[in-house]
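Visitor: Could you walk me through this structure, one question at a time?
Guide: Gladly; here it is.

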Amino acid sequence: MTAAIRYDEVETGTELGERTFPVRRVDLVRYAGASGDFNPIHWNDRTAKAVGLPGVIAHGMFTMAEAARLVTDWVGDPGAIVEYGTRFSNPVVVPDDDEGAEITVSGTVKEKRGDNQVVVALTVRSGGTRVLARPTVVVRLA
Amino acid sequence: MAINRDLLGRAYPAPEPYEVTRGKIREFAEAVGDANPLYSDPATARDEGHPDVVAPPTFPIVLGMAGAGRAVTDPELGLDFSMVVHGEQRFRYSRPVRAGDLLDSVTRITDIRSLAGNELVTLESEITDTDGAHVVTAVNMLVVRGAAEDGSGSDGAAKAKEGAA
């Protein structure tokens with residue numbers, strides 16, 4: 001496992017930049033099939049509204065997968081990830097149109113640890129609202 | 001309906017090992033739109049020191065459908081899946097999941113509690129290879145909206161805040 005980023009080159013406060021990922025209904029259908037999570041709140045407006053949601057929402061795990069890409073593309077090797085966790089604080093509502101919604105991800109190195117590990121704090125928004133609470137990735141650098 | 005506290009600590013071993021294939025990893029990576037070649041090209045993965053293509057960090061959730069899925073559908077638990085949203089998810093990796101893995105998993109119900117009119121159920125899945133070596137631990141907190149019986153503070157805003165996916 002070789003991360004493309006060297007531990008010595010990173011400081012607390014190093015920014016990982018910002019990325020925006022689209023999420024449309026078709027992405028949720030494809031993710032349902034690939035993940036095996038067919039909960040209808042992720043593809044059926046009637047069900048979503050019946051349980052009190054504003055409409056179909058993205059799988060939290062879809063949002064979490066997109067957010068991870070900021071870090072895996074930064075280090076190159078996904079095998080460098082040691083820990084990844086988040087709470088899901090607000091839904092990503094995905095309208096039934098051609099544009100869907102957007103998930104915007106930015107990240108900052110919050111802490112350097114031993115064993116070449118750094119803690120990356122992510123910020124994940126959709127429609128201006130934070131959708132993940134304290135999403136954090138621990139990654140081992142080269 | 002409140003969640004049955006008697007099931008706290010119950011373990012659900014997956015009925016059989018999960019076989020990780022290149023095709024499933026590729027399908028999952030395509031579903032999240034991630035073109036990282038380590039998910040699809042064995043030669044690139046080997047150049048990085050992996051024996052075969054690796055899986056994206058959130059891929060272990062696929063195994064959860066076999067292990068954690070058995071817990072959430074346990075009729076004794078009393079969980080209405082249509083009212084479930086995902087509250088929290090964590091992974092701790094000893095190594096990435098990769099093609100060719102045969103993975104065992106045991107899911108335990110590690111916490112059940114009420115908060116703001118919702119029931120929070122935490123499942124912890126230990127995923128190991130067939131030699132028993134740890135690969136990844138997945139901790140999954142589910143929010144069953146409106147399921148708590150005491151109803152304290154069960155206003156819509158609190159429900160919406162607690163789980164959202």
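Visitor: Is H42(A) buried or exposed?
Guide: A residue is buried if 20 or more other C-beta atoms lie within 10 Å of its own, exposed if 12 or fewer, and partly exposed in between, with C-beta atoms placed from the backbone. H42(A) has 24 C-beta neighbours inside 10 Å, so H42(A) counts as buried.

Visitor: Before we go on, what kind of model is this, and how are things labelled?
Guide: Residues are numbered from 1 along each chain as its sequence is written, while chains are lettered from A and ligands numbered from 1 in the order in which they are written. Local features need pLDDT of at least 70, side-chain atom pairs count only at pLDDT 80 or more, and totals for chains, interfaces and linings use all residues, as this is a predicted model.

Visitor: Which residues does H42(A) touch, leaving aside its neighbours within four places in sequence?
Guide: H42(A) sits in the loop between α1 and α2 (45–50) of chain A; helices (H or I, at least four residues) and strands (E, at least two) are DSSP runs, numbered from the N terminus. L28(A) is 14 residues from H42(A) in sequence, yet their C-alpha atoms are 6.6 Å apart. Two residues are in contact if their C-beta atoms, placed from the backbone, lie within 7 Å. With those close neighbours in sequence left aside, the contacts of H42(A) are L28(A), A32(A), V56(A), I57(A), A58(A) and H59(A).

Visitor: In what order do the elements of chain A run?
Guide: Chain A has three helices and six strands. Starting at the N terminus, the order is β-α-α-α-β-β-β-β-β.

Visitor: What share of the residues of chain A count as buried?
Guide: The C-alpha atoms of chain A fill a box of roughly 50 × 30 × 25 Å along the principal axes. Among contacts in chain A with a separation of 6 or more, 67% are between residues 24 or more positions apart. Chain A has 142 residues, and the buried share is 44%.

Visitor: And what share of the residues of chain B count as buried?
Guide: Chain B contains five helices and six strands, in the pattern β-β-α-α-α-α-β-β-β-β-α. For chain B, residues 24 or more positions apart make up 73% of the contacts with a separation of 6 or more. Of its 165 residues, the share that counts as buried in chain B is 45%.

Visitor: Are α1(A) and α1(B) roughly parallel or antiparallel to each other?
Guide: Helix α1 (residues 25–35) of chain A and helix α1 (residues 22–31) of chain B pack at about 155°, with axes 9 Å apart. Axes are lines fitted to C-alpha atoms, for helices over the stretch in contact, and angles run from 0 to 180 degrees between N-to-C directions. Angles under 35 degrees count as roughly parallel, over 145 as roughly antiparallel, 65 to 115 as roughly perpendicular and the rest as oblique. So α1(A) and α1(B) are roughly antiparallel.

Visitor: How many residues in that contact are nonpolar?
Guide: The contact is made by R30(A), Y31(A) and A34(A) of α1(A) with E27(B), F28(B) and A31(B) of α1(B). Ala, Val, Leu, Ile, Met, Phe, Trp, Tyr, Cys and Pro count as nonpolar, Asp, Glu, Lys and Arg as charged, and the others, Gly among them, as polar. By those classes there are two charged, no polar, and the number of nonpolar residues is four.

Visitor: Which element gives the largest share of the side of chain B that touches chain A?
Guide: The contact takes 41 residues from chain A and 36 residues from chain B. On the chain B side, the elements giving two or more residues are α1, α3 (61–64) and β3 (84–93). The largest share, eight residues, comes from β3(B).

Visitor: Is D115(A) buried or exposed?
Guide: D115(A) lies in the loop between β3 (101–112) and β4 (117–126) of chain A, and has a positive phi of about 55° although it is not a glycine. Since D115(A) has 8 C-beta neighbours inside 10 Å, D115(A) counts as exposed.
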